[in-house]
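Please walk through this structure with the sequence beside you, moving from one local feature to the next.

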Amino acid sequence: MEVKFHLPGLRRNYPLNMMVFSLLKEHPEFFREGVQIGSFFGEFPTSLWNGGRNSRADQCSADYVNIVIKSMNDRGIPVRFTYTNMLLDEKDLEDTYCNYCVEAAHNGMNGVILVSPVLEKYIRKNYSKMKITSSTCKQIRGIDGVNEELKKGYDMVVLDYNLNNQFDRLEKIEDKGRCEILINAACEPNCARRGAHYRHISENQKNIVKNMRLPREQWIPLKPWECKYCSGAQQNVYTIQNFCTYVSPEAIWEKYVPMGFNNFKIAGRTDDIFVVMEAYCHYLIKPEFQGQVRIMMLKNLEALKVLQINYPQPSPFIPKRQ
């Protein structure tokens with residue numbers, strides 16, 4: 001049995017993800033049956049082509065990009081870029097940084113997660129070794145639409161989270177092995193503004209990259225996002241369990257895997273590291289080992305100086321004068 005999990009983060013969560021890989025190799029008994037790492041997904045901030053979640057105005061060195069891709073690929077794990085900005089035009093395809101990142105990963109092992117037809121055409125023409133995943137950002141909610149998407153030559157199709165747990169409908173998908181289930185979506189079910197939020201993020205991402213090239217006094221103001229449906233920033237794997245779109249570990253092994261689904265996406269590439277760590281423990285680790293693994297992760301993150309514990313500083317005792 002193979003149960004593949006696609007884990008978030010190429011930079012922010014990189015130390016945690018490498019730790020999970022090492023733990024899986026050294027202590028497979030800690031993990032649920034058949035757990036494998038299907039890919040690490042995300043972007044090297046800040047990428048013009050990025051979408052789904054905003055990144056901020058910094059970028060990675062060429063050495064860092066190459067080291068991370070090599071370290072993951074050497075362990076047999078593909079990198080998948082979340083290039084889901086839906087507002088790209090032909091001029092945007094010339095972006096030097098994004099092209100460098102794709103070229104560095106262009107070895108037949110890695111891939112891109114896409115929405116934009118403009119970018120998809122460009123990738124297929126210029127980086128034909130990159131495997132292409134159809135993003136959940138397309139919001140394909142009809143099963144006929146999913147089956148049509150599966151016929152378009154995608155390596156994988158990430159399903160809309162609103163299809164989660166609708167097993168009578170999921171059963172009608174013709175190629176379940178090439179579908180990826182987003183199991184911990186933070187948005188409330190049937191969010192009326194999810195699509196508008198994706199477009200808002202895409203627009204802000206383009207302006208973030210423009211601002212990086214401008215003096216601060218010329219920066220383009222980023223548009224705020226306010227939405228009564230958007231509670232994702234406060235959500236974690238425990239607060240979403242009352243959502244009908246939440247996929248439990250039990251459902252993965254008892255329902256999805258027997259149906260033929262074996263690819264599961266854990267969201268969280270811009271989440272707090274504690275939120276991501278809890279999601280990993282919840283889905284990947286057997287319940288009886290979760291406490292032990294959680295402590296191991298925290299200690300290792302402290303040793304790597306990802307987490308810093310500030311203990312009270314001692315000071316000399318000075319007797320109080322009478």
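At 47% relative accessibility, Asn190 counts as partly exposed, where buried means under 20% relative accessible area, exposed means over 50% and partly exposed lies in between, with a 1.4 Å probe and protein chains only. The residue sits in the loop between β7 (179–182) and α7, helices (H or I, at least four residues) and strands (E, at least two) being DSSP runs numbered from the N terminus. Although Asn190 is a residue other than glycine, its phi is positive, near 55°.

Before going further, note that this is a predicted model, in which local features need pLDDT of at least 70 and side-chain atom pairs count only at pLDDT 80 or more, while totals for chains, interfaces and linings use all residues. Residues are numbered from 1 along each chain as its sequence is written, and side-chain values use heavy atoms, with hydrogens and water left out.

Asn165 belongs to the loop between β6 (156–158) and α6 (167–170), and with a relative accessible area of 26% it is partly exposed. A further backbone feature is the cis peptide bond from Pro45 to Thr46, whose omega is near -15°; Thr46 itself lies in the loop between β2 (35–42) and α2.

Where α3 starts, a side-chain oxygen of Asp95 comes to within 3.3 Å of the backbone nitrogen of Tyr97. In general, an α-helix has 3.6 residues a turn, so residues three or four places apart point the same way.

Cys98 counts as buried, because its relative accessibility is 0%. Cys187 is likewise buried, at 13% relative accessibility, and its sulfur is 5.0 Å from the closest cysteine sulfur, in Cys191, again too far for a bond. The structure as a whole holds zero disulfides.

In helix α5 (residues 143–150) the residue to look for is Glu149, which is buried because its relative accessible area is 4%. Which side chains make polar contacts with the side chain of Glu149? One is the side chain of Ser134, at 2.6 Å, and another is that of Lys138, at 2.7 Å; a polar contact is a pair of N or O atoms within 3.5 Å, where within protein one must be able to donate a hydrogen and the other to accept it, and residues adjacent in sequence count only if both atoms are side-chain atoms. With its neighbours within four places in sequence left aside, Glu149 is in contact (heavy atoms within 4.5 Å) with Ser134, Lys138, Ile140, Tyr154 and Val157.

Finally, turn to Trp219, which is placed in the loop between α7 (194–211) and α8 (249–259) and is partly exposed, at 37% relative accessibility.

Technical notes: A disulfide is a pair of cysteine sulfur atoms within 2.5 Å.
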